[in-house]
Amino acid sequence: MAKESKTPVILSLSSGKGGVGKTSLTVNLACALAQKGSQVLVVDGDMALANVDVLLRFTAHKTIRDVLERGEDPMKAVIFVEPNLGVLPASSGVPEMVDLGPAEHVLLGNILSSIVGHFDYVLLDTAAGIGSSVLWLNTFATHNGVVVTSDPTSITDAYALIKILSREYGRKRFFLILNSVATPQEGQQTFDAIARVAEQFLGIQPQYLGCVPRDNVVLKAVQEQLPFVKGAPRSKAAEAVVELAERIRRFKRE
Ligand SMILES: Nc1ncnc2c1ncn2[C@@H]1O[C@H](COP(=O)(O)OP(=O)(O)O)[C@@H](O)[C@H]1O
Ligand SMILES: [Mg+2]
(Lines give C-alpha, C1' and ligand atoms only; values in the text may rest on other atoms or scores of the structure.)
(Ligands and ions follow the chains in the order given, each with its own letter.)
Protein backbone atom coordinates (compact mmCIF):
# COMPACT_ATOMS: atom_id res chain seq x y z
CA MET A 1 0.00 0.00 0.00
CA ALA A 2 1.15 3.53 -0.74
CA LYS A 3 2.70 5.24 2.26
CA GLU A 4 1.93 8.82 1.29
CA SER A 5 -0.94 10.64 2.94
CA LYS A 6 -3.73 11.27 0.45
CA THR A 7 -6.68 13.63 0.63
CA PRO A 8 -9.47 11.20 -0.16
CA VAL A 9 -12.95 11.79 -1.43
CA ILE A 10 -15.11 10.59 1.48
CA LEU A 11 -18.55 9.76 0.13
CA SER A 12 -21.41 8.81 2.45
CA LEU A 13 -24.32 6.75 1.11
CA SER A 14 -27.52 7.31 3.10
CA SER A 15 -31.19 7.19 2.32
CA GLY A 16 -33.40 7.50 5.35
CA LYS A 17 -35.35 4.45 4.22
CA GLY A 18 -33.88 0.95 4.47
CA GLY A 19 -33.65 -1.55 1.66
CA VAL A 20 -33.19 0.96 -1.15
CA GLY A 21 -29.76 -0.31 -2.23
CA LYS A 22 -27.16 1.61 -0.17
CA THR A 23 -24.97 -1.40 0.61
CA SER A 24 -25.28 -2.92 -2.87
CA LEU A 25 -24.29 0.37 -4.49
CA THR A 26 -21.49 1.00 -1.99
CA VAL A 27 -19.72 -2.30 -2.59
CA ASN A 28 -20.18 -2.18 -6.35
CA LEU A 29 -19.04 1.46 -6.60
CA ALA A 30 -16.02 0.52 -4.48
CA CYS A 31 -15.18 -2.34 -6.85
CA ALA A 32 -15.62 -0.07 -9.89
CA LEU A 33 -13.31 2.57 -8.39
CA ALA A 34 -10.76 -0.09 -7.38
CA GLN A 35 -10.85 -1.57 -10.91
CA LYS A 36 -9.61 1.81 -12.16
CA GLY A 37 -6.55 1.42 -9.94
CA SER A 38 -7.55 3.68 -7.05
CA GLN A 39 -7.00 2.77 -3.41
CA VAL A 40 -10.49 2.35 -1.95
CA LEU A 41 -11.80 1.88 1.59
CA VAL A 42 -15.36 0.89 2.45
CA VAL A 43 -16.40 1.71 6.00
CA ASP A 44 -19.34 -0.39 7.14
CA GLY A 45 -21.22 2.40 8.85
CA ASP A 46 -24.22 0.20 9.53
CA MET A 47 -22.46 -0.41 12.78
CA ALA A 48 -25.03 -2.64 14.49
CA LEU A 49 -26.34 -4.54 11.45
CA ALA A 50 -23.31 -4.98 9.21
CA ASN A 51 -23.92 -6.19 5.64
CA VAL A 52 -20.80 -5.30 3.68
CA ASP A 53 -19.08 -8.53 4.79
CA VAL A 54 -22.06 -10.50 3.48
CA LEU A 55 -22.06 -8.86 0.06
CA LEU A 56 -18.28 -9.26 -0.31
CA ARG A 57 -18.18 -12.71 1.28
CA PHE A 58 -15.60 -12.35 4.00
CA THR A 59 -15.50 -12.94 7.72
CA ALA A 60 -14.59 -9.99 9.89
CA HIS A 61 -12.15 -10.84 12.66
CA LYS A 62 -12.00 -7.34 14.10
CA THR A 63 -14.63 -4.67 13.75
CA ILE A 64 -15.14 -0.96 14.33
CA ARG A 65 -16.42 -1.94 17.77
CA ASP A 66 -13.10 -3.63 18.70
CA VAL A 67 -11.23 -0.55 17.53
CA LEU A 68 -13.51 1.76 19.52
CA GLU A 69 -13.74 -0.29 22.68
CA ARG A 70 -10.33 -1.93 22.86
CA GLY A 71 -8.17 0.57 21.04
CA GLU A 72 -7.13 -1.99 18.41
CA ASP A 73 -5.10 -0.70 15.47
CA PRO A 74 -7.75 0.25 12.86
CA MET A 75 -5.56 -0.79 9.91
CA LYS A 76 -5.34 -4.27 11.44
CA ALA A 77 -9.14 -4.45 11.34
CA VAL A 78 -9.25 -3.52 7.64
CA ILE A 79 -9.80 -6.58 5.45
CA PHE A 80 -8.35 -6.29 1.97
CA VAL A 81 -10.68 -8.18 -0.36
CA GLU A 82 -8.35 -7.03 -3.12
CA PRO A 83 -4.92 -5.41 -2.86
CA ASN A 84 -6.44 -1.95 -3.35
CA LEU A 85 -9.90 -2.51 -1.84
CA GLY A 86 -10.15 -2.53 1.94
CA VAL A 87 -13.15 -2.79 4.24
CA LEU A 88 -13.37 -1.59 7.82
CA PRO A 89 -16.02 -4.05 9.04
CA ALA A 90 -18.79 -3.53 11.55
CA SER A 91 -20.49 -5.88 13.98
CA SER A 92 -23.93 -7.38 13.68
CA GLY A 93 -26.57 -7.69 16.37
CA VAL A 94 -24.96 -5.29 18.83
CA PRO A 95 -27.67 -2.83 19.94
CA GLU A 96 -25.25 -0.43 21.67
CA MET A 97 -23.59 0.19 18.30
CA VAL A 98 -26.81 1.52 16.72
CA ASP A 99 -26.27 5.06 17.86
CA LEU A 100 -22.98 6.08 19.37
CA GLY A 101 -22.75 9.01 21.77
CA PRO A 102 -20.84 12.26 21.16
CA ALA A 103 -17.61 11.07 22.82
CA GLU A 104 -17.62 7.88 20.75
CA HIS A 105 -18.16 9.90 17.59
CA VAL A 106 -15.11 12.02 18.43
CA LEU A 107 -13.13 8.80 18.92
CA LEU A 108 -14.48 7.33 15.67
CA GLY A 109 -13.53 10.56 13.89
CA ASN A 110 -9.97 10.27 15.19
CA ILE A 111 -9.79 6.60 14.19
CA LEU A 112 -11.09 7.20 10.67
CA SER A 113 -8.91 10.29 10.22
CA SER A 114 -5.85 8.20 11.10
CA ILE A 115 -6.45 5.76 8.21
CA VAL A 116 -8.26 7.59 5.40
CA GLY A 117 -4.98 9.11 4.16
CA HIS A 118 -4.01 5.69 2.78
CA PHE A 119 -6.88 5.82 0.29
CA ASP A 120 -8.13 7.80 -2.72
CA TYR A 121 -11.81 7.06 -2.05
CA VAL A 122 -13.54 6.23 1.21
CA LEU A 123 -17.15 5.08 0.92
CA LEU A 124 -19.29 5.21 4.05
CA ASP A 125 -22.21 2.79 3.88
CA THR A 126 -24.69 3.95 6.50
CA ALA A 127 -27.63 2.46 8.35
CA ALA A 128 -31.24 3.28 7.56
CA GLY A 129 -32.92 6.05 9.52
CA ILE A 130 -31.70 9.42 10.70
CA GLY A 131 -30.07 8.30 13.93
CA SER A 132 -27.09 10.12 15.42
CA SER A 133 -24.48 7.87 13.79
CA VAL A 134 -26.03 8.21 10.33
CA LEU A 135 -25.96 11.99 10.73
CA TRP A 136 -22.43 11.97 12.14
CA LEU A 137 -21.10 9.88 9.23
CA ASN A 138 -22.68 12.40 6.86
CA THR A 139 -20.83 15.23 8.61
CA PHE A 140 -17.56 13.28 8.42
CA ALA A 141 -17.98 12.82 4.65
CA THR A 142 -16.66 15.32 2.13
CA HIS A 143 -19.51 14.41 -0.22
CA ASN A 144 -23.03 13.37 0.78
CA GLY A 145 -24.61 10.74 -1.43
CA VAL A 146 -28.33 10.06 -1.06
CA VAL A 147 -29.73 6.84 -2.47
CA VAL A 148 -33.39 7.02 -3.38
CA THR A 149 -35.91 5.00 -5.37
CA SER A 150 -39.07 6.28 -7.03
CA ASP A 151 -41.12 4.83 -4.20
CA PRO A 152 -42.94 7.74 -2.49
CA THR A 153 -41.81 6.51 0.96
CA SER A 154 -38.19 6.53 -0.18
CA ILE A 155 -38.61 10.06 -1.61
CA THR A 156 -40.17 11.27 1.65
CA ASP A 157 -37.39 9.75 3.77
CA ALA A 158 -34.59 11.02 1.51
CA TYR A 159 -36.09 14.52 1.70
CA ALA A 160 -36.31 14.28 5.50
CA LEU A 161 -32.63 13.28 5.64
CA ILE A 162 -31.60 16.14 3.36
CA LYS A 163 -33.71 18.55 5.40
CA ILE A 164 -32.13 17.67 8.74
CA LEU A 165 -28.59 17.61 7.31
CA SER A 166 -29.03 20.98 5.63
CA ARG A 167 -30.93 22.78 8.38
CA GLU A 168 -29.19 21.38 11.43
CA TYR A 169 -25.77 20.35 10.20
CA GLY A 170 -25.09 22.97 7.54
CA ARG A 171 -24.62 20.45 4.72
CA LYS A 172 -25.52 22.01 1.40
CA ARG A 173 -24.25 19.72 -1.36
CA PHE A 174 -26.09 16.48 -1.94
CA PHE A 175 -25.52 13.96 -4.71
CA LEU A 176 -28.61 11.92 -5.51
CA ILE A 177 -28.47 8.40 -6.89
CA LEU A 178 -31.76 7.04 -8.20
CA ASN A 179 -31.79 3.28 -7.72
CA SER A 180 -34.03 0.55 -9.12
CA VAL A 181 -35.46 2.71 -11.88
CA ALA A 182 -37.49 1.25 -14.75
CA THR A 183 -36.10 3.82 -17.20
CA PRO A 184 -33.56 6.66 -17.11
CA GLN A 185 -36.49 9.05 -17.58
CA GLU A 186 -38.02 7.78 -14.35
CA GLY A 187 -34.74 8.51 -12.57
CA GLN A 188 -34.50 12.01 -13.98
CA GLN A 189 -38.15 12.82 -13.22
CA THR A 190 -37.88 11.62 -9.63
CA PHE A 191 -34.70 13.62 -9.19
CA ASP A 192 -36.36 16.73 -10.69
CA ALA A 193 -39.28 16.42 -8.26
CA ILE A 194 -36.96 16.15 -5.23
CA ALA A 195 -34.73 18.97 -6.49
CA ARG A 196 -37.75 21.29 -6.93
CA VAL A 197 -38.90 20.77 -3.36
CA ALA A 198 -35.36 21.06 -1.96
CA GLU A 199 -34.88 24.34 -3.79
CA GLN A 200 -38.25 25.73 -2.76
CA PHE A 201 -38.24 24.77 0.91
CA LEU A 202 -34.56 24.33 1.80
CA GLY A 203 -32.90 26.71 -0.65
CA ILE A 204 -30.47 24.03 -1.84
CA GLN A 205 -29.80 22.47 -5.21
CA PRO A 206 -29.04 18.75 -5.01
CA GLN A 207 -26.99 17.34 -7.86
CA TYR A 208 -27.92 14.32 -9.94
CA LEU A 209 -25.19 11.71 -9.81
CA GLY A 210 -27.16 9.27 -11.97
CA CYS A 211 -29.43 6.25 -11.87
CA VAL A 212 -29.14 2.49 -11.66
CA PRO A 213 -31.83 0.32 -13.30
CA ARG A 214 -33.84 -2.33 -11.55
CA ASP A 215 -31.90 -5.40 -12.56
CA ASN A 216 -32.01 -9.00 -11.38
CA VAL A 217 -28.22 -9.15 -11.33
CA VAL A 218 -28.34 -7.02 -8.16
CA LEU A 219 -30.43 -9.66 -6.43
CA LYS A 220 -28.25 -12.45 -7.79
CA ALA A 221 -25.09 -10.66 -6.61
CA VAL A 222 -26.46 -10.57 -3.06
CA GLN A 223 -27.35 -14.25 -3.18
CA GLU A 224 -24.00 -15.24 -4.67
CA GLN A 225 -22.06 -12.77 -2.51
CA LEU A 226 -20.22 -11.54 -5.58
CA PRO A 227 -20.54 -7.87 -6.64
CA PHE A 228 -22.33 -7.54 -9.98
CA VAL A 229 -19.65 -5.28 -11.47
CA LYS A 230 -17.45 -8.38 -11.28
CA GLY A 231 -19.93 -11.22 -11.77
CA ALA A 232 -21.99 -9.51 -14.48
CA PRO A 233 -19.81 -6.67 -15.84
CA ARG A 234 -21.89 -6.29 -18.99
CA SER A 235 -25.22 -5.99 -17.16
CA LYS A 236 -27.15 -2.73 -17.24
CA ALA A 237 -26.68 -2.28 -13.48
CA ALA A 238 -22.90 -2.75 -13.74
CA GLU A 239 -22.66 -0.29 -16.64
CA ALA A 240 -24.64 2.25 -14.63
CA VAL A 241 -22.43 1.81 -11.57
CA VAL A 242 -19.27 2.23 -13.67
CA GLU A 243 -20.73 5.50 -14.98
CA LEU A 244 -21.48 6.63 -11.40
CA ALA A 245 -17.90 5.75 -10.44
CA GLU A 246 -16.65 7.95 -13.30
CA ARG A 247 -18.64 10.88 -11.93
CA ILE A 248 -17.29 10.23 -8.44
CA ARG A 249 -13.75 10.25 -9.89
CA ARG A 250 -14.46 13.79 -11.11
CA PHE A 251 -14.90 14.91 -7.47
CA LYS A 252 -11.11 14.63 -7.25
CA ARG A 253 -10.66 17.34 -9.83
CA GLU A 254 -13.29 19.76 -8.48
N1 LIG B 1 -31.01 -1.85 -8.79
C2 LIG B 1 -31.59 -2.89 -8.17
N3 LIG B 1 -32.27 -3.80 -8.89
C4 LIG B 1 -32.86 -4.87 -8.30
N5 LIG B 1 -32.82 -5.11 -6.98
C6 LIG B 1 -32.15 -4.23 -6.19
C7 LIG B 1 -31.49 -3.09 -6.74
N8 LIG B 1 -30.89 -2.41 -5.73
C9 LIG B 1 -31.18 -3.10 -4.61
N10 LIG B 1 -31.93 -4.19 -4.88
C11 LIG B 1 -32.45 -5.18 -3.92
O12 LIG B 1 -32.69 -4.54 -2.69
C13 LIG B 1 -32.11 -5.30 -1.65
C14 LIG B 1 -31.64 -4.37 -0.55
O15 LIG B 1 -30.47 -3.71 -0.98
P16 LIG B 1 -29.39 -3.19 0.04
O17 LIG B 1 -28.24 -2.73 -0.76
O18 LIG B 1 -29.13 -4.18 1.13
O19 LIG B 1 -30.19 -1.93 0.67
P20 LIG B 1 -29.87 -1.02 1.93
O21 LIG B 1 -28.40 -1.12 2.20
O22 LIG B 1 -30.29 0.36 1.49
O23 LIG B 1 -30.71 -1.51 3.05
C24 LIG B 1 -31.00 -6.10 -2.29
O25 LIG B 1 -30.82 -7.31 -1.63
C26 LIG B 1 -31.47 -6.31 -3.68
O27 LIG B 1 -32.22 -7.51 -3.71
MG1 LIG C 1 -27.40 -1.64 3.99
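This is a predicted model: local features need pLDDT of at least 70, side-chain atom pairs count only at pLDDT 80 or more; totals for chains, interfaces and linings use all residues.
Q: Why is the pair formed by a nitrogen atom of ligand 1 and a polar backbone atom of proline 213 called a polar contact?
A: A polar contact is a pair of N or O atoms within 3.5 Å. Residues are numbered from 1 along each chain as its sequence is written, with chains lettered from A and ligands numbered from 1 in the order in which they are written.

Q: What makes asparagine 179 a polar contact of ligand 1?
A: A polar side-chain atom of asparagine 179 lies 2.9 Å from a nitrogen atom of ligand 1, so this pair also meets the cut-off.

Q: What makes a residue count as being around ligand 1?
A: One of its heavy atoms must lie within 4 Å of the ligand. There are 15 such residues, and Gly19, Lys22, Thr23, Ser24 and Leu219 come nearest.

Q: How do you know where ligand 1 sits?
A: A molecule sits in a pocket if more than half of its atoms lie within 2 Å of the pocket's grid points. Ligand 1 sits in the largest pocket, so it passes that test.

Q: Why is that space called a pocket, and what lines it?
A: On a 1 Å grid over the protein atoms alone, a pocket is an open set of points with protein on both sides within 12 Å along at least five of seven lines, and lining residues have an atom within 4 Å of a point. The largest pocket holds about 500 Å³ of space. Its lining has 26 residues, with Gly19, Val20, Gly21, Lys22 and Ser24 nearest its centre.

Q: What makes a cavity, and how many of 30 Å³ or more are there?
A: In a cavity a 1.4 Å probe fits but cannot get out. The count comes to one, with a volume of about 40 Å³ for the largest cavity. Among its lining residues are Ser24, Val27, Leu55 and Phe228.

Q: How do you know how polar the lining of the largest cavity is?
A: Ala, Val, Leu, Ile, Met, Phe, Trp, Tyr, Cys and Pro count as nonpolar, Asp, Glu, Lys and Arg as charged, and the others, Gly among them, as polar. By that rule the lining has eight nonpolar, two polar and no charged residues.

Terms used
Side-chain values use heavy atoms; hydrogens and water are left out. Grid points are joined across faces, edges and corners, and a volume is the space filled by probe spheres set on the points. A polar contact is a pair of N or O atoms within 3.5 Å; within protein, one must be able to donate a hydrogen and the other to accept it, and residues adjacent in sequence count only if both atoms are side-chain atoms.
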